[in-house]
Amino acid sequence: MSTTGANADPLAALGALPGVPESVESVRKAVDRVYGHRIMRRRSNEITSEAALRGARGSAALSGADWALEEVRRRSDFSGDDEARAVGAALRLTAEAGQLLSIWRQSPLRVLARLHLVAAADNADQVGRPRQPGEPVDEPLVELPLPDAEEAHGRLDGLAALVMAGGSAPALVTAAVVHGEILALRPFTSHNGLVARAAERIVLVGSGLDPKSVCPAEVGHAEPGRAAYLAALDGYVSGTPEGMAAWIAHCGRAVALGARESTAVCEALQRGAA
């Protein structure tokens, strides 16, 4: 992501890319449909809980642990193998994200470090801080050129400055850039995908677009499959206007699919089937 040039609000400039305003409007309509459902007025806490579970399942699937929803719901021990640990990390991050909303705009780097600490669930020296020169990154499913530690630190600082500055960019654009930049940089030695998707959730909720966290974008990122997700990420990494617009549109579709998922949950509750 380039933040150079005279534009004082580069995220707002991304929001004006061809196709992006339409994505923003489409997402808003999808979110409004969920919030306007009659079940949301009486049972929104249930919808939020179910969205959290489904979002965690989707995020874990993109990190290589594609478990059935009922298996995630049934399990209580997530320490058995790499897949189980990935699911456990996704669940912990989903729960933790809601506790960090008030800190995000003031200290995004602190939030990202906390998310990594929660995901890794480890006391090793490299946990909860950006990687140092020479430290390897365990993110085998993201096959992109890896920026060196110095570049990752500089770009992470730039991302934090954009978040703290606020600006007029739509929430979808900010969330997409936060998500894409973390995955492009892989600033931590592990769990970067899980952290990136949790940070996207924090932006969507904290911005007021999805204040009750009932539109799990992770579901929408996972539904088309990992290959489609990584192909869209390639667009972000390219840095071209077309690539950036395609990534933002992908993120918009992910939120809309998450909204559709929760609308289906509302309908099931209304029918008394859940």
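This note sets out points on the pockets, cavities, core and selected residues of a predicted model.

1. Basis of the values. Residues are numbered from 1 along each chain as its sequence is written, and side-chain values use heavy atoms, with hydrogens and water left out.

2. The largest pocket. Its volume is about 670 Å³. A pocket here is an open set of points on a 1 Å grid over the protein atoms alone, with protein on both sides within 12 Å along at least five of seven lines, and its lining residues have an atom within 4 Å of a point. Grid points are joined across faces, edges and corners, and the volume is the space filled by probe spheres set on the points. The lining comprises 32 residues, and D82, A86, D138, S190 and H191 lie nearest the centre.

3. Make-up of that lining. Two or more residues of the lining of the largest pocket come from each of α5 (82–97), α7 (108–120), α10 (192–206) and α12 (226–238); helices are DSSP runs of H or I with at least four residues, numbered from the N terminus. The largest share, 5 residues, is that of α5. By class the lining of the largest pocket has 16 nonpolar, 7 polar and 9 charged residues, where Ala, Val, Leu, Ile, Met, Phe, Trp, Tyr, Cys and Pro count as nonpolar, Asp, Glu, Lys and Arg as charged, and the others, Gly among them, as polar.

4. The second largest pocket. This pocket holds about 280 Å³ of space and has 17 lining residues, with R105, V163, T174, V203 and S207 nearest its centre. At least two lining residues are supplied by each of α6 (101–104), α8 (149–165), α9 (171–185) and α10. The largest share of this lining, 3 residues, belongs to α10. The class division is 9 nonpolar, 6 polar and 2 charged.

5. The largest cavity. A cavity is a set of grid points where a 1.4 Å probe fits but cannot get out; the count is 3 cavities of 30 Å³ or more. About 50 Å³ of space lies in the largest cavity. Its lining includes G55, A56 and S59, together with A90, L93, T94 and E218. The helices α3 (38–62), α5 and α10 each give at least two residues to the lining of the largest cavity, and α10 provides the largest share, 4 residues. The lining of the largest cavity has 5 nonpolar, 3 polar and 3 charged residues.

6. The second largest cavity. The volume of the second largest cavity is about 40 Å³. Its lining is formed by R201, L204, V205, D210, S213, C215, P216, A217 and E218. Both α10 and α11 (217–222) give two or more residues to the lining of the second largest cavity, the largest share, 3 residues, coming from α10. Sorted by class, the lining of the second largest cavity contains 5 nonpolar, 1 polar and 3 charged residues.

7. The nonpolar core. The largest nonpolar core has 83 residues, and W104, L112 and L115 have the most contacts inside it. Such a core is a set of buried Ala, Val, Leu, Ile, Met, Phe, Trp, Tyr and Cys residues joined through side-chain atoms within 4.5 Å. Neighbours within four places in sequence aside, L115 is in contact (heavy atoms within 4.5 Å) with L93, L100, V195, A198, A199 and I202.

8. Helix α3. The helix bends by about 90° at S44, the bend being the angle between axes fitted to the seven residues ending at a residue and the seven starting there. After α3 comes G64, with a positive phi near 100°.

9. Residue A175. This residue lies in helix α9 and counts as buried because its relative accessibility is 0%; buried means under 20% relative accessible area, with a 1.4 Å probe and protein chains only. Beyond its neighbours within four places in sequence, A175 contacts E200, V203 and L204.

10. Residue V20. Helix α2 (residues 20–35) contains V20, which counts as buried at 0% relative accessibility. Leaving aside neighbours within four places in sequence, V20 is in contact with L14, G15, V173, A245 and I248. V20 and S49 are 29 residues apart along the chain, and their C-alpha atoms are separated by 30 Å.

Note on methods:
Predicted model: local features only at pLDDT ≥ 70, side-chain atom pairs only at ≥ 80, totals over all residues. Buried < 20%, exposed > 50% of the residue type's maximum accessible area, 1.4 Å probe, protein only.
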